[in-house]
Amino acid sequence: MSFDFNQKVLFKHCDPAGIVFYPRYFEMINDCVEAFFTQIGLPFEELLKTAGVPTAQISTTFQNPSRHGDALVIRLAVVRIGRSSLDLSFNAMCGTEQRFSAKSTLVYIDPNGAGQSWPETARNAFSQY
Ligand SMILES: CC(C)(COP(=O)(O)OP(=O)(O)OC[C@H]1O[C@@H](n2cnc3c(N)ncnc32)[C@H](O)[C@@H]1OP(=O)(O)O)[C@@H](O)C(=O)NCCC(=O)NCCSC(=O)c1ccc(O)cc1
């Protein structure tokens, strides 16, 4: 199973050339991750009261530019579940055209910033995707 996140390209995402400025894609990716965690019953507003989920690494390829009004679909898939880490992939399409792809690693940390094991409920949820 994969998770699809719909993102319309808004005025605020675009640079003077009329195309999406790449940091805005990183924000879209994070919004996609936050929506995914909500979908699996681990909303960030609850999770982040007692833990953190920073991104340890992210690599991205931008295949084609996006413009104001484009309807993007960002597909998230779970690639690997570690002890405290989670590898995700992202593929953003506008219709049949690919706009960007990314791979990231999130780490579940305790309040001291040390990696901690994902709860069993989270592992079970991740394993569905
Ligand atoms: C991620 C870290 C806590 C890892 O600390 P480490 O001391 O390396 O921890 P450990 O050695 O115990 O490793 C823990 C795990 O992380 C994995 N790890 C650590 N570094 C990496 C890198 N670079 N790549 C992949 N995996 C990594 C490691 O393999 C361990 O995985 P498991 O075997 O599955 O447990 C630390 O490097 C760190 O704090 N980095 C800075 C993170 C940061 O500032 N990111 C950018 C901004 S935060 C952010 O994007 C965000 C988004 C959304 C939010 O709600 C909150 C924050």
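How far is an oxygen atom of the ligand from an N or O atom in the side chain of Ser84? The distance is 2.6 Å.

This is a predicted model, in which local features need pLDDT of at least 70 and side-chain atom pairs count only at pLDDT 80 or more, while totals for chains, interfaces and linings use all residues. Residues are numbered from 1 along each chain as its sequence is written, and side-chain values use heavy atoms, with hydrogens and water left out.

View 1. A polar side-chain atom of Ser85 lies 2.6 Å from an oxygen atom of the ligand. At Thr55, a polar backbone atom is 2.9 Å from a nitrogen atom of the ligand.

**View 2. The shell of 16 residues around the ligand.** The closest are Thr55, Arg83, Ser84, Ser85 and Val107. By class, the shell has 7 nonpolar, 8 polar and 1 charged residues. Its largest share, 3 residues, comes from β2.

**View 3. The largest nonpolar core, with 36 residues.** Such a core is a set of buried (under 20% relative accessible area, 1.4 Å probe, protein chains only) Ala, Val, Leu, Ile, Met, Phe, Trp, Tyr and Cys residues joined through side-chain atoms within 4.5 Å. Val33, Phe36, Phe37, Phe90 and Phe126 touch the most other members.

Technical notes
Buried means under 20% relative accessible area, exposed over 50%, partly exposed in between (1.4 Å probe, protein chains only). A residue is near a molecule or strand if one of its heavy atoms lies within 4 Å of it. A polar contact is a pair of N or O atoms within 3.5 Å; within protein, one must be able to donate a hydrogen and the other to accept it, and residues adjacent in sequence count only if both atoms are side-chain atoms. Helices (H or I, at least four residues) and strands (E, at least two) are DSSP runs, numbered from the N terminus. Ala, Val, Leu, Ile, Met, Phe, Trp, Tyr, Cys and Pro count as nonpolar, Asp, Glu, Lys and Arg as charged, and the others, Gly among them, as polar.
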